[in-house]
Amino acid sequence: MPAKGTSTERMSGMAIKIDRQDATLAVAVDGRLDTLSAPKLDALLDDAALEGVSTLVFDFGDLSYISSAGLRVMVRVGKDLREKGDVVVKDANEDVKSIFEVTGFDEFFAFE
């Protein structure tokens with residue numbers, strides 16, 4: 001992924017928009033992040049995509065549901081970036097936040 005730019009990936013029930021601005025990578029997920037869609041997000045957030053990233057922002061303003069598969073992707077990426085920068089979850093609705101709280105994953109991410 002270039003130092004700057006935006007791309008959008010669509011699949012049934014979900015769209016992922018990735019916006020890279022220098023060392024900040026913003027990932028907006030629209031729809032459901034579940035067993036069917038999480039592998040796509042995981043593939044998009046490979047080592048090459050994270051190269052040089054110090055801040056990763058997950059914009060969940062349009063996310064309706066996240067499953068354990070989606071959480072696994074976030075934990076993997078969070079571990080990759082833990083020493084280099086910050087991982088932020090932005091605009092998650094109450095249902096999505098409660099999934100993070102019930103699983104204890106709310107301790108691993110900053111919420112805005």
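Residues are numbered from 1 along each chain as its sequence is written, and side-chain values use heavy atoms, with hydrogens and water left out. Because the model is predicted, local features need pLDDT of at least 70 and side-chain atom pairs count only at pLDDT 80 or more, while totals for chains, interfaces and linings use all residues.

Reader: What is the radius of gyration of the protein, which has 112 residues?

Author: The radius of gyration is taken over C-alpha atoms, and the globule rule is 2.2 Å times the number of residues to the power 0.38. Along the principal axes, the C-alpha atoms fill a box of roughly 35 × 30 × 20 Å. For 112 residues, a compact globule would have a radius near 13 Å, and the protein agrees with this, its own value being 13 Å.

Reader: What percentage of the contacts with a separation of 6 or more joins residues 24 or more positions apart?

Author: Contact means heavy atoms within 4.5 Å. Among contacts in the protein with a separation of 6 or more, the share from residues 24 or more positions apart is 61%.

Reader: How many salt bridges does the structure hold?

Author: Side chains of opposite charge can pair when their charged atoms come close. A salt bridge is a side-chain nitrogen of Lys or Arg within 4 Å of a carboxyl oxygen of Asp or Glu. The number of salt bridges in the structure is four.

Reader: Is D34, which forms a salt bridge with R32, buried or exposed?

Author: The closest N and O atoms of D34 and R32 are 3.3 Å apart. R32 is partly exposed, because its relative accessibility is 40%. D34 has a relative accessibility of 15%, so D34 counts as buried.

Reader: Which residues are linked with R76 in a network of salt bridges?

Author: R76 and D80 both lie in helix α3 (residues 68–81), four residues apart, or about one turn of the helix. Their closest N and O atoms are 2.9 Å apart in a salt bridge. The relative accessible area is 26% for R76 and 32% for D80, so R76 is partly exposed and D80 is partly exposed. The residues linked with R76 in the network are D42 and D80.

Reader: What separates K97 and E94 in helix α4?

Author: The side chains of K97 and E94 meet in a salt bridge at 3.9 Å, N to O. K97 is partly exposed at 25% relative accessibility, whereas E94 is exposed at 59%. Because they are three residues apart in helix α4 (residues 94–103), their separation is about one helical turn.

Reader: Which residues are in contact with L81, leaving aside its neighbours within four places in sequence?

Author: L81 is found in helix α3. Its relative accessibility is 0%, so L81 counts as buried. With neighbours within four places left aside, the residues in contact with L81 are L50, V53, L56 and V87.

Reader: Which residues are in contact with S67, leaving aside its neighbours within four places in sequence?

Author: S67 is in the loop between β4 (55–66) and α3. S67 is buried, because its relative accessible area is 9%. Beyond its neighbours within four places, the residues in contact with S67 are L33, D34 and T35.

Reader: What is the phi of D22?

Author: Most residues other than glycine have a negative phi. D22 lies in the loop between β2 (14–21) and β3 (24–33), and is partly exposed at 45% relative accessible area. Its phi is positive, near 55 degrees.

Reader: What is the phi of D91?

Author: D91 lies in the loop between β5 (86–90) and α4. D91 is partly exposed, because its relative accessible area is 42%. Its phi is also a positive value in a residue other than glycine, near 60 degrees.

Terms used
Buried means under 20% relative accessible area, exposed over 50%, partly exposed in between (1.4 Å probe, protein chains only). Helices (H or I, at least four residues) and strands (E, at least two) are DSSP runs, numbered from the N terminus.
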